[in-house]
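Trainee: I have just opened this one and could use a guide. Can we go through it together, one topic at a time?
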Amino acid sequence: MFLEYWVLVFCMSQWTLQGRCWQSYDSKAYSQCYAAPKDLLYGGGIVVNADFEDGLKCWSPLGNCALQIRNFSSLSPQDNAFESTREETDANGGGEETEGRTNSFVVALNRTASYNGPSQLLPNLTSTSKYSVSAWLQVSGPLEKVLVKATLSIDGGKRYISAGTVIAQCGCWSFLKGGFSLDGFEKATISAVLYFETTNFVANVEIWLDRVSVQPFSNEDWRAHQVSQKELRRRTVKLRVVKRGTRKRLHDVDIKILNTKIQFPFGSAIEENILHNQPYQSWFVKRFNTAVFGNELKWYATEKEAGKVNYSVADAMVSWCEAQGLNIRGHNIVWDDPHFQQPWVKALASKPDELRQAVMARVNSVVSRYAGRFIAWDVSNEQLHFSFYEDALSDPSFSTSLFLDVQCLDPGAQLFVNDYNTLENANDPASIPDALLLKLHELRAAGVLNLAIGLEAHFTKPDLAYMRSTLDKLGTLGLPIWLTELDINVQALPNHNISQAAIYLEDILREAFSHPAVKGIVMWTSWEPSGCYRMCLTDNNMDNLATGNVVDALLNEWQQVDILAESYGSIKWRGPHGTHNVSIRWNNITYYSSLCVEPGKGTQRFIVELPMSSNTLEMHLSSASSSM
């Protein structure tokens, strides 16, 4: 870790440890719609004629449509006025625009099927690379918004891979960012056709395309980016020991960094059985700082019959978590899936007034009871996929009103839009990144504060290239992103291979932890004697499975301390944001203390004055930050 860090910091040419230059990943993304396309990433990468300045060279129509090159002078006064009406400001700031010069782009017109669009052959793809995909898109025709996909056709159409999606609009350019991997292919080299299509066919819809990029990355390149980004969760610290009264540095001291506890929220789901299982409690608390209840807080668990509310189990679990100093996520207030409504709630679907009263009673009851004790709430669970309450009440804005009500009752909690398949599946139109972004814009516009993004992350086989690009785009809003229910579907893997699940779990955890927009990770791995939901970390004796070993190995890595310098009563090290426990031995007495390493730039400095009246040290923060 120490060597990796300094190589990445000081090697201006971005060399890997093996001595070759590594391809730098560009995390730039946009969620606004612009009057003109912005950056062409990587110069187009392996795409030929990526900006159509050479006409239709290397591009061809897929299916029954025509391609046409058009030009426009970007950023006319009218375009500027249009763009200024967009509400959102991207976290990444602006990008290069083609102001003052003519821009060429391709148009697919006279389309007769959804798959008709611009295409290019990509030869010599490899199964050992990860590919980042980006493009700027616009549509023209009878619809103001159209879902457009970047798709790969492999082996003459025997297999298709979705590489990314975007909700393209009329009159402005939207940014598609996606990715794909081909690690399931046995061939050394693979040829594919990249093409752009609409998910549904509507006559007279044109696809406008510009600045297409496909950039390959070796596994070494991918890992190098993770290592560099992971350093954002660490900081350099310096501790100096001085003599009380004189403030002169003491030389004959022995300083040790005993251990650390990361500040980053990392945890797992738990069930009621943890209350009666001491080995499970010990195993859990040793590793995690965050918990969520699998079912015990859900409405169907606390009010099985109308009017008979019982929080006894949830209360006991909350008390246990608080006694251990664990963060608690509130999951969930209501669940929009009709399949998970208790019978008496389902019966109210035909009585909207009574249903509304019942829901509001639920909100007031559960949120008021735990306000200030939970760090977050999943307010209307899986509302991108389901709409039980909105449909029953004939009120499409009902979930928005729930967020506002919860905000009033517990203003300090983060309010999550929590759903699945945004990271896991590029083919689910209900929860593509743009669909989630639209919902977040809607909530923001209504006045919901403290919003957060919950990505359930129920994977079978992850595509890290698509995962990273999705996090990039969601990160443009500047909202905290959590993986809230991470697991691997072990039963869906060949031979139910837990070792393969462990490899996938490690890949996902590394990718998420290294992305600066991700602010927490919770796994859906609550243990039960009868088995876990989809993935366990331990067996029934609390001995780690392969997946549990991955968690332990990564925690050790994330909590690692690298000693940078030791001399004359001072020590300088680099470690994670969080609690660092230290010991100082001087004059045959050992003193102990903890210090909190906060996020920030530069070196965080502490001073200890000796002797002290007790063996518990007082740390003095001499400077919140200073140059390294």
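Trainee: Let's start with cysteine 172: is it buried or exposed?
Mentor: This is a predicted model, and in it cysteine 172 counts as buried, because its relative accessible area is 0%.

Trainee: And which cysteine is it joined to?
Mentor: A disulfide joins cysteine 172 to cysteine 33, with an S to S distance of 1.8 Å. The pair links distant parts of the chain, since cysteine 33 sits in strand β1 (residues 33-34) while cysteine 172 sits in the loop between β8 (159-169) and β9 (173-181), 139 residues apart. Cysteine 33 also counts as buried, because its relative accessibility is 3%.

Trainee: Remind me, what is a disulfide?
Mentor: A disulfide is a covalent bond between the sulfur atoms of two cysteines.

Trainee: Is the link of cysteine 33 and cysteine 172 right-handed or left-handed?
Mentor: The link of cysteine 33 and cysteine 172 is right-handed, with 100 degrees about the S-S bond.

Trainee: How many disulfides does the structure hold?
Mentor: The structure holds two disulfides, and besides the link already discussed there is one that joins cysteine 532 to cysteine 536, where the S to S distance is 1.9 Å. That link of cysteine 532 and cysteine 536 is right-handed, with 110 degrees about the S-S bond, and both of these cysteines are buried. If you number the bonded cysteines in sequence order, the pairing reads 1-2, 3-4.

Trainee: What about cysteine 170, where is the nearest cysteine sulfur?
Mentor: Cysteine 170 is in no disulfide, and the nearest cysteine sulfur, which belongs to cysteine 172, is 8.6 Å away. Cysteine 170 counts as partly exposed, because its relative accessible area is 26%. Cysteine 58 is partly exposed as well, with a relative accessible area of 42%.

Trainee: Switching topic to the rings, how many aromatic pairs are there?
Mentor: A search of the whole structure finds 31 aromatic pairs. One of them is formed by tryptophan 173 and tryptophan 208, a tilted pair with 6.3 Å centre to centre and 50 degrees between the planes. Tryptophan 173 lies in strand β9 and tryptophan 208 in strand β11 (residues 206-218), so this pair ties together parts that are 35 residues apart in sequence.

Trainee: Are those two tryptophans buried or exposed?
Mentor: Tryptophan 173 counts as buried at 1% relative accessibility, and tryptophan 208 counts as buried at 16%; the cut-off for buried is under 20% relative accessible area.

Trainee: Which residues form an aromatic cluster?
Mentor: Phe264, Phe266, Trp283, Phe284, Phe288, Trp320, Phe513 and Trp558 form one aromatic cluster.

Trainee: And which ring does arginine 233 lie over?
Mentor: Arginine 233 lies over the face of phenylalanine 513, at 5.1 Å from the ring centre. In another part of the list of such arrangements, arginine 468 lies over the face of tryptophan 222, at 3.6 Å from the ring centre.

Trainee: Let me ask about a helix now: which residues of α4 are buried?
Mentor: In helix α4 (residues 278-287), the residues Tyr280, Gln281, Trp283, Phe284 and Arg287 are buried. They lie on the same side of α4, because they cover an arc of only 165 degrees around the axis.

Trainee: What covers them?
Mentor: The cover over the buried residues of α4 includes β14 (266-270), β15 (290-293), α6 (312-323) and α14 (546-558).

Trainee: What happens at the start of α4?
Mentor: There, a side-chain oxygen of asparagine 277 reaches to within 3.0 Å of the backbone nitrogen of tyrosine 280.

Trainee: And arginine 287, what does its side chain reach?
Mentor: Arginine 287 is found in helix α4, and its side chain reaches the backbone oxygen of tryptophan 283 at 2.9 Å. Leaving aside neighbours within four places in sequence, arginine 287 is in contact with Asn544, Asp552 and Leu555. Arginine 287 counts as buried, because its relative accessibility is 11%.

Key. Residues numbered from 1 in each chain as written. Predicted model: local features only at pLDDT ≥ 70, side-chain atom pairs only at ≥ 80, totals over all residues. Heavy atoms only, no water. Buried < 20%, exposed > 50% of the residue type's maximum accessible area, 1.4 Å probe, protein only. Helix = DSSP H or I, 4+ residues; strand = E, 2+ residues; numbered from the N terminus. Arc of directions from axis to C-beta. Contact = heavy atoms within 4.5 Å. Polar contact = N/O pair within 3.5 Å; in protein donor to acceptor, adjacent residues only side chain to side chain. Disulfide = S-S within 2.5 Å. Phe/Tyr/Trp six-rings, centres within 6.5 Å; stacked < 30°, edge-to-face > 60°. Lys NZ or Arg CZ within 6 Å of the ring centre and 35° of its normal.
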